[in-house]
Amino acid sequence: MNSVGEACTELKREYDQCFNRWFADKFLKGDSAEDPCVQLFKRYQLCVQKAIKEKDIPIEGLEFMGPSKGKSENSSS
């Protein structure tokens with residue numbers, strides 16, 4: 001599946017491959033140590049955020065963009 005932004009698709013593939021490898025080879029075998037894919041995810045996340053802004057996609061009310069949105073906004077949920 002491609003990313004929301006064409007420029008982000010390769011980053012998405014790299015992250016997906018890294019995560020799937022880590023999940024199968026480490027996490028499922030009991031090694032829950034640090035996820036080595038965090039930096040790839042952050043690069044991909046920034047790319048997606050930029051694509052969303054460029055395409056003017058409304059995202060009000062969505063909480064998938066990370067902690068920068070503020071945890072207290074929906075603390076009563």
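Modeller: Start with Gly5, which is found in the segment before H1. Helices here are DSSP runs of H or I with at least four residues, strands are runs of E with at least two, and both are numbered from the N terminus. This is a predicted model: local features need pLDDT of at least 70, side-chain atom pairs count only at pLDDT 80 or more, and totals for chains, interfaces and linings use all residues. Residues are numbered from 1 along each chain as its sequence is written, and side-chain values use heavy atoms, with hydrogens and water left out.

Gly5 has a relative accessible area of 5%, so it is buried. The cut-offs are under 20% for buried, over 50% for exposed, and partly exposed in between, with a 1.4 Å probe and protein chains only. What does Gly5 touch, not counting residues up to four places away in sequence? The partners are Ala51 and Lys55. Contact means heavy atoms within 4.5 Å. Along the chain, Gly5 and Ala51 are 46 residues apart, but 5.2 Å separates their C-alpha atoms.

Ala51 leads on to Cys8. Leaving aside neighbours within four places in sequence, Cys8 is in contact with Ser3, Tyr44, Cys47, Val48 and Ala51. With Cys47, Cys8 forms a disulfide, and the sulfur atoms are 2.1 Å apart. The cut-off for a disulfide is a pair of cysteine sulfur atoms within 2.5 Å. The link is left-handed, with -95° about the S-S bond. Cys8 and Cys47 are both buried.

Both cysteines also belong to the largest nonpolar core. Such a core is a set of buried Ala, Val, Leu, Ile, Met, Phe, Trp, Tyr and Cys residues joined through side-chain atoms within 4.5 Å. Which eight residues make up the largest one? They are Cys8, Leu11, Tyr44, Cys47, Val48, Ala51, Ile52 and Ile59. H2 supplies the largest share, five residues. There is also a second, separate core of five residues, with Tyr15, Cys18, Cys37 and Leu40 among them.

How many disulfides does the structure hold? Two. Counting bonded cysteines along the chain, their pattern is 1-4, 2-3. Cys18 and Cys37 form one of these, with sulfur atoms 2.0 Å apart. Cys18 lies in helix H1 and Cys37 in the loop between H1 and H2, so this pair ties together parts that are 19 residues apart in sequence. The torsion about the S-S bond is about -90°, so this disulfide is left-handed. Cys18 is buried at 11% relative accessible area. Cys37 is buried too, at 0%.

Now follow Tyr15 to the rings. The whole structure has six aromatic pairs. One of them is Tyr15 with Phe41, a tilted pair with 5.3 Å centre to centre and 55° between the planes. Tyr15 lies in helix H1 (residues 9-25) and Phe41 in helix H2 (residues 38-54), so the pair ties together parts that are 26 residues apart in sequence. Rings of Phe, Tyr and Trp (its six-membered ring) pair if their centres lie within 6.5 Å; planes under 30 degrees apart are stacked, over 60 edge-to-face, and the rest tilted. Tyr15 is buried, at 15% relative accessible area, whereas Phe41 is partly exposed at 36%. Ring pairs join Tyr15, Phe19, Trp22, Phe23, Phe27 and Phe41 into a cluster.

Last, the charged side chains. A search of the whole structure finds three salt bridges. The cut-off is a side-chain nitrogen of Lys or Arg within 4 Å of a carboxyl oxygen of Asp or Glu. Lys12 pairs with Asp16, the closest N and O atoms being 2.7 Å apart. Both lie in helix H1, four residues apart, about one turn of the helix. Lys12 counts as buried at 14% relative accessibility, while Asp16 is partly exposed at 29%. In helix H2, Lys50 pairs with Glu54, with closest N and O atoms 3.9 Å apart. Lys50 is exposed at 52%, and Glu54 is exposed at 60%.
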